[in-house]
Amino acid sequence: MDQQSFALPTRLSTFVSFDGRVILTTFHQRPDRYRHLELASGSIPRIARGGGLSYVGAGFGAGVLVQEMTLFSRILAYDPTDRLVRVEAGARIGDILSWALRRNLYLPVVPGYPAITVGGCIAADVHGKNPRLDGTFREWVQAITLYHPNLGFIQASPEIHGDLFDATCGGFGLTGIVVDATLKLVTLPAGSVRLSSIRVKSLHHGAECVLNSAAPLSYTWHGGVLNPSRIGDGLAFSAEWEATTTPKVAPRARRQLTSESRGRLPFCLWNRLTVAAASSAFRAGNSGNRRSRTISVRESCFPFEQQQMYHRLFGREGFGEMQLLIPTADFGRFVERLGDIIRHHRPTITFMSIKAFRGGSKALTLSGEGLLLAIDYVRSPAADDFESSMDRLILDTGAQPNVSKDSRISGSVVRQSLPGYASFVENVHRIDPKRIFQSELARRLNI
Amino acid sequence: MSYVIFGAPSGVGRYVAECLAAAGEELVLVSRDKRDATAQAADLFYRYDIRAKAVALDLAEDTYDFVELDSALDDSQNVSGIIVTAGASFENDSIGSLGAAAEAIMRINFLSACLCIEHVLPRILSAKAPVIVGIGSIAACRGRSRNVVYAAAKRALLSYFESLRHAMEGLGVRVQFYQLGYIDTNLAFGQRVLLPIASPQSVGRKIVENLKRRSGFFFYPRFWYIVCLLLRALPWVAFRRLKQ
């Protein structure tokens, strides 16, 4: 197969996962009309790609035709009575949020980067800043239109073709191309957000804070681990809506970070000393007068939009991230074992974060309730051993790994730890028996 | 005022429509596939609060059904502009391999454009500041062994616009024609190019900015004027070596 075999202009492009771990070159198309989606791709498998910010190679694969959906970014319908907006899947979530904010409406669940597309949010069933309160993205999707060569364009919702809807929300594009989605909006409670932080001394303390918080935004930040005896020293953030006479306006958006631009630095600048210094600076920057401050709604939704340097400093080598859902009752035991693992392997952890979580995924993403612990770290030989130990910890404690964050986790670990894995695989093979839709992620997880 | 855009939902047409919508203009969006034009009309309505109508018209066909277009134009406020951005190319457009696609390419890029303009022209003659805009290509600068029919069609279109400008002189209708270099649309996607690629957004902005200005023939990006001059002046002994 070469580029000239396709009906739509096709080129060879090199794709990289946001964490920098997966890099490969494959066929790339940019459809901009509905009939382009209907063009056959021959025997070659395909996958839809959104903003290209996936950590894990969900939007590309070796020998897979990548169909970039970013030109399908239009608003198709809006019902102000029921506060429903139907948008094409390539629309960036930040653009939809801006559009909604101008109408005093709001999307309760958005991921950390505004350039992530609506299709990407559905595919990874992303969560927002308080998933225990708001659930995951699928709870705010009323219906989707999916395209599959065998099924054509098909509408799915929890009521109609519910199994297709369930397998698509959190299905990483393996059931077909999400063409559009009808999203539920809510009335914007206030024009600004009051963000407050308190100091926490441990992961346990942080977990208590998020569990006891009913704020619309609630998470913790725990600085890098320089001294393993002080694991968990950090801040617990919470936010409340604030009615101000003039709503706080978000700072001018910086140029959007991409997976490619993130890795421009040829080396990693995060090490024990820089992590310790940055952690101290971050802690100091959120204390004193800045312990409580008013920010725009957009800033509260997309904290990384203004802090791109954090990811850039990992450089070309990239970084590792794990996000694990831990049953609340087992959190203490988990943290104890985590401390042992960190003390033993001494990985360079740049930060950890905790959120309280609730999700109802029936696909390849997290489901159930518990505490969501994220760990970012520098990739190194020590980190390889740390990762292996963490895999054993996941299996021992019944934690669930978020496969949308971890680009190296194996199919075997996921099969044993994600409750929806077996039924999802069965569903995908029923919906797409010829496995037309494939990706690096799907192959790694043996789907 | 309102504008009719042929080839509105994709490429340069999409961003021309967006810029006009942002300026509050009413639009008639013509596309081969009604689904695309309908989606675009809805988007422009919800984002910019303007009236936009979707019309299906396949410029590759050898007969045209203008009923839907006429109906949309009848409903519109005084139509003051015709913008033809529709265009297409195909992979094996080279000497010795021209097939049925060649005819379609000729129609889309030249003949249909002329006939659509002819059809709508009487409606704009009474408008306040009527304008007709066409899109050409630097491929038409000098014939080469690739993009054979596409380049020929665009050169024919250039000639048609020269005639149109001549005919409209004195009638108050301004005629603007853009010869575009490499633009980041599906026409250039996947092609190895030696010079910078411009964004379709910038082309859309430029076309809309110029709508109130005089008639003229423009290159965009402007450095293509120099490139085309050099290409035309290049002696055959050198030109024949340019295969890319």
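Colleague: How many bridges join β2(A) to β4(A), and do the strands run parallel or antiparallel?
Modeller: In this predicted model, β2(A) and β4(A) are joined by two bridges and run parallel.

Colleague: Which residue in β4(A) is the bridge partner of A:Gln29?
Modeller: The partner of A:Gln29 is A:Gln67.

Colleague: What about β1(A) and β2(A): parallel or antiparallel?
Modeller: These two strands run antiparallel, and seven bridges join them. Within β2(A), A:Thr25 stands opposite A:Thr14.

Colleague: How many residues lie between the strands of that hairpin?
Modeller: The hairpin of β1(A) and β2(A) has six residues between its strands, and A:Gly20 takes a positive phi near 80° there.

Colleague: How many residues of strand β2 of chain A are buried?
Modeller: Five of the seven residues in strand β2 (residues 23-29) of chain A are buried, and the strand is mostly covered.

Colleague: Let us change topic to the rings. How many aromatic pairs are there over all chains?
Modeller: The count over all chains is 32 aromatic pairs. One of them is formed by A:Phe15 and A:Phe60, with 5.6 Å from centre to centre and 15° between the planes, and this pair is stacked.

Colleague: Where do A:Phe15 and A:Phe60 lie?
Modeller: A:Phe15 lies in strand β1 (residues 10-16) of chain A, while A:Phe60 lies in the loop between β3 (46-49) and β4 (65-68) of chain A, so the pair ties together parts that are 45 residues apart in sequence.

Colleague: Is A:Phe15 buried or exposed?
Modeller: A:Phe15 counts as buried because its relative accessibility is 2%, and the cut-off for buried is under 20%. A:Phe60 is also at 2% relative accessibility and counts as buried.

Colleague: Why is the pair of A:Tyr219 and A:Phe237 tilted?
Modeller: The planes of A:Tyr219 and A:Phe237 stand at 35°, with the ring centres 5.4 Å apart, so the pair is tilted. The pair links distant parts of the chain, with A:Tyr219 in strand β13 (residues 217-223) of chain A and A:Phe237 in strand β14 (residues 234-242) of chain A, 18 residues apart.

Colleague: Are these two buried or exposed?
Modeller: A:Tyr219 is buried, with a relative accessible area of 16%. A:Phe237 counts as buried at 5% relative accessibility.

Colleague: Which charged end sits over the ring of A:Tyr55?
Modeller: The charged end of A:Lys405 sits over that ring, 4.8 Å from its centre. A:Tyr55 also belongs to a cluster linked by ring pairs, with A:Phe18, A:Tyr113 and A:Trp270 among its members.

Terms used:
Residues numbered from 1 in each chain as written. Chains lettered and ligands numbered in written order. Predicted model: local features only at pLDDT ≥ 70, side-chain atom pairs only at ≥ 80, totals over all residues. Heavy atoms only, no water. Phe/Tyr/Trp six-rings, centres within 6.5 Å; stacked < 30°, edge-to-face > 60°. Helix = DSSP H or I, 4+ residues; strand = E, 2+ residues; numbered from the N terminus. Buried < 20%, exposed > 50% of the residue type's maximum accessible area, 1.4 Å probe, protein only. Lys NZ or Arg CZ within 6 Å of the ring centre and 35° of its normal. Pairing = 2+ DSSP bridges.
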